[in-house]
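Reader: Can you walk me through this one? Keep it quick, and give me the cut-offs as you go.

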Amino acid sequence: MIVKVEFMYEEDNEYIRCPAKVGRNICQLQRDFDKWLYDGENNHPYWVVADEDEEGNKIYGVCFNAEAFVFWLNNVRFNKGKKVAKLIETPNKPAKKKIRF
């Protein structure tokens with residue numbers, strides 16, 4: 001199944017190919033990904049320093065694209081060694097689902 005990934009402040013879209021079983025639940029998977037992404041206990045490469053407070057303490061935010069979602073699907077959510085999602089450049093058929101970050 002092809003899933004179109006849109007980002008609110010980006011003009012370009014990205015596409016993911018995944019099995020229908022994954023695609024059918026893509027909206028719930030997106031919510032689970034968001035919880036994981038913003039959980040301060042998770043050490044992932046998508047944390048960036050967004051600001052500093054008056055005492056010099058760093059304030060973190062996240063910076064990510066569809067690659068981060070694919071990474072999470074393949075290595076965190078479905079981590080049994082089999083890749084369930086892949087970024088694709090140009091889909092050869094229309095996307096059946098769409099998610100927006």
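**Helices, rings and sheet**

Author: Gln-30 lies in helix H2. Helices (H or I, at least four residues) and strands (E, at least two) are DSSP runs, numbered from the N terminus.

Reader: Before we go on, what kind of model is this?

Author: This is a predicted model, where local features need pLDDT of at least 70, side-chain atom pairs count only at pLDDT 80 or more, and totals for chains, interfaces and linings use all residues. Residues are numbered from 1 along each chain as its sequence is written, and side-chain values use heavy atoms, with hydrogens and water left out.

Reader: OK. Is Gln-30 buried or exposed?

Author: Gln-30 counts as buried, at 10% relative accessibility. Buried means under 20% relative accessible area, exposed over 50%, partly exposed in between (1.4 Å probe, protein chains only).

Reader: What does Gln-30 touch?

Author: Leaving out residues up to four places away in sequence, Gln-30 touches Phe-69, Ile-99, Arg-100 and Phe-101. Contact means heavy atoms within 4.5 Å.

Reader: Now Trp-72. Where does Trp-72 lie?

Author: Helix H3 holds Trp-72. Trp-72 counts as buried, at 3% relative accessibility.

Reader: And which residues is Trp-72 in contact with?

Author: Setting aside neighbours within four places in sequence, they are Leu-29, Asp-32, Phe-33, Trp-36, Arg-77 and Phe-78.

Reader: Arg-77 and Phe-78, then. Where does Arg-77 lie relative to Phe-78?

Author: Arg-77 lies over the face of Phe-78, at 4.7 Å from the ring centre. The rule: NZ of Lys or CZ of Arg within 6 Å of the ring centre and within 35 degrees of the ring normal.

Reader: Switching to ring pairs. How many aromatic pairs are there?

Author: The count comes to eleven aromatic pairs. Rings of Phe, Tyr and Trp (its six-membered ring) pair if their centres lie within 6.5 Å; planes under 30 degrees apart count as stacked, over 60 as edge-to-face and the rest as tilted.

Reader: Give me one. Why is the pair of Phe-7 and Phe-64 put in its class?

Author: The ring centres of Phe-7 and Phe-64 are 6.0 Å apart and the planes are at 70°, so the pair is edge-to-face. Phe-7 lies in the loop between E1 and E2, and Phe-64 in the loop between strand E4 (58–62) and helix H3 (66–77), so the pair ties together parts that are 57 residues apart in sequence.

Reader: How covered are those two?

Author: Phe-7 is buried, with a relative accessible area of 12%. Phe-64 is partly exposed, at 21%.

Reader: What sort of pair do Phe-7 and Phe-101 form?

Author: A stacked one: 5.5 Å centre to centre, 20° between the planes. Phe-101 is in the segment after E6, 94 residues from Phe-7. Phe-101 is buried too, with a relative accessible area of 14%.

Reader: Which residues form the aromatic cluster?

Author: Phe-7, Phe-33, Trp-36, Phe-64, Phe-69, Trp-72 and Phe-101 form one cluster.

Reader: Which residues touch the most other members in the largest nonpolar core?

Author: Ile-16, Phe-33 and Phe-69, out of 23 residues. E1, helix H2 (26–37) and H3 each give two or more residues to this core. The largest share, six residues, comes from H3. A nonpolar core is a set of buried Ala, Val, Leu, Ile, Met, Phe, Trp, Tyr and Cys residues joined through side-chain atoms within 4.5 Å.

Reader: Sheet next. What is the strand order?

Author: E5-E2-E1-E6, an open sheet of four strands with mixed pairing. Strand E5 (86–88) and E6 stand at the edges, each with a single partner strand, so one side of each is left without a neighbour in the sheet. The twist averages 35° from one strand to the next. Two strands pair if DSSP finds at least two bridges between them.

Reader: Which helices pack on the sheet?

Author: H2 touches E1 and E6, and its direction makes about 20° with that of E6. H3 touches E1, E2, E5 and E6, and its direction makes about 150° with that of E5. Axes are lines fitted to C-alpha atoms, for helices over the stretch in contact, and angles run from 0 to 180 degrees between N-to-C directions.

Reader: And E1 itself?

Author: Strand E1 (residues 2–6) is mostly covered, with four of its five residues buried. Four bridges join E1 to strand E2 (residues 14–17), antiparallel. E1 also pairs with strand E6 (residues 97–100) in the parallel sense, over four bridges.
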